[in-house]
Amino acid sequence: MDAVITRPRKAVKAPARPVEPIPQDEARAAPGGHASGIHLVKDSERLAWPYADRDDVLEIDFDVREYRGEGLYLIHRRAPVGEVVGPPGRFPFTSAFTGVRNLHRHNGQLEALTTTAEGREWKPIPPDEWARTTVHGYVKNIYRRHVAGCAEGLFLVGQLAAVGEQDDGSAFAQFRHSKDRTITVSGFTPQEARALSPHFLNAMRLELKP
């Protein structure tokens, strides 16, 4: 796929806060299987709709585990205790949700940009709903598959620093983007990872294609 770099709305800067580890069961539930770090995740489940289409690539900072200013956040909202849910695909549906939401704070109230019959509008998030919500990461960039009139997208990822295998049998490659930042690209086959091995410490560019 051809891809170009597009950016979500810039988040309001907030002071850095210590990162608290999340429980292992929540880490395993994190979309993409990532518990920490910055990763490129192919959005095959349309988690970021309407901000991204199926199979667009999301650059997600999984170290962001709380609201830190306006922007796109990957969240998981648990259903309330005692909620009645029908059989799969039948009403009543669960209120549990995993996906990307645009969040901001207005007059001290946390709000989410919501699609309604009248269009899109900011709606307050009730405190009990936010208490059931886990922030899994912050969407830093969206790399789109198809944008009319745009050239192929190339993303500088830096020096290849490590390759390895994940629990599901797929492989990953880690790139040193700058002195204090690394980017992990997952979803490689073991054969693809072995093909990268001779390029350790070489500066590389990632071209997004199907």
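**Close-up views of a predicted model**

**Figure 1. Overview of the chain.** Three helices and twelve strands make up the secondary structure of the chain. Helices (H or I, at least four residues) and strands (E, at least two) are DSSP runs, numbered from the N terminus. This is a predicted model: local features need pLDDT of at least 70, side-chain atom pairs count only at pLDDT 80 or more, and totals for chains, interfaces and linings use all residues. Residues are numbered from 1 along each chain as its sequence is written, and side-chain values use heavy atoms, with hydrogens and water left out.

Figure 2. Of the 210 residues in the chain, 37% are buried. Buried means under 20% relative accessible area, exposed over 50%, and partly exposed in between (1.4 Å probe, protein chains only). The chain exposes about 12,600 Å². Carbon and sulfur atoms supply 53% of that area. The areas come from the Shrake-Rupley method with a 1.4 Å probe; for residues, only the protein chains shown count as cover. Among contacts (heavy atoms within 4.5 Å) between residues at least 6 apart in sequence, 61% join residues at least 24 apart.

Figure 3. Strand β3 spans residues 57-61. Five of its five residues are buried, so the strand is largely enclosed by the rest of the structure. One side carries Val 57, Glu 59 and Asp 61; the other carries Leu 58 and Ile 60. Both faces are covered. Strand β2 (residues 38-42) pairs with β3 in the antiparallel sense, over five bridges. Two strands pair if DSSP finds at least two bridges between them. Here Lys 42 stands opposite Val 57. β3 also pairs with β8, again antiparallel and over five bridges. Asp 61 stands opposite Tyr 138 of β8.

Figure 4. The structure holds three aromatic pairs. Rings of Phe, Tyr and Trp (its six-membered ring) pair if their centres lie within 6.5 Å; planes under 30 degrees apart count as stacked, over 60 as edge-to-face and the rest as tilted. Tyr 67 and Tyr 73 form a tilted pair, 5.6 Å centre to centre with 35° between the planes. Both residues of this pair are buried. The ring centres of Tyr 73 and Tyr 138 are 5.2 Å apart and their planes stand at 70°, so this pair is edge-to-face. Tyr 73 lies in strand β4 (residues 71-77) and Tyr 138 in strand β8 (residues 133-144), so the pair ties together parts that are 65 residues apart in sequence. Tyr 138 is buried, as is Tyr 73. Ring pairs link Tyr 67, Tyr 73 and Tyr 138 into a cluster.
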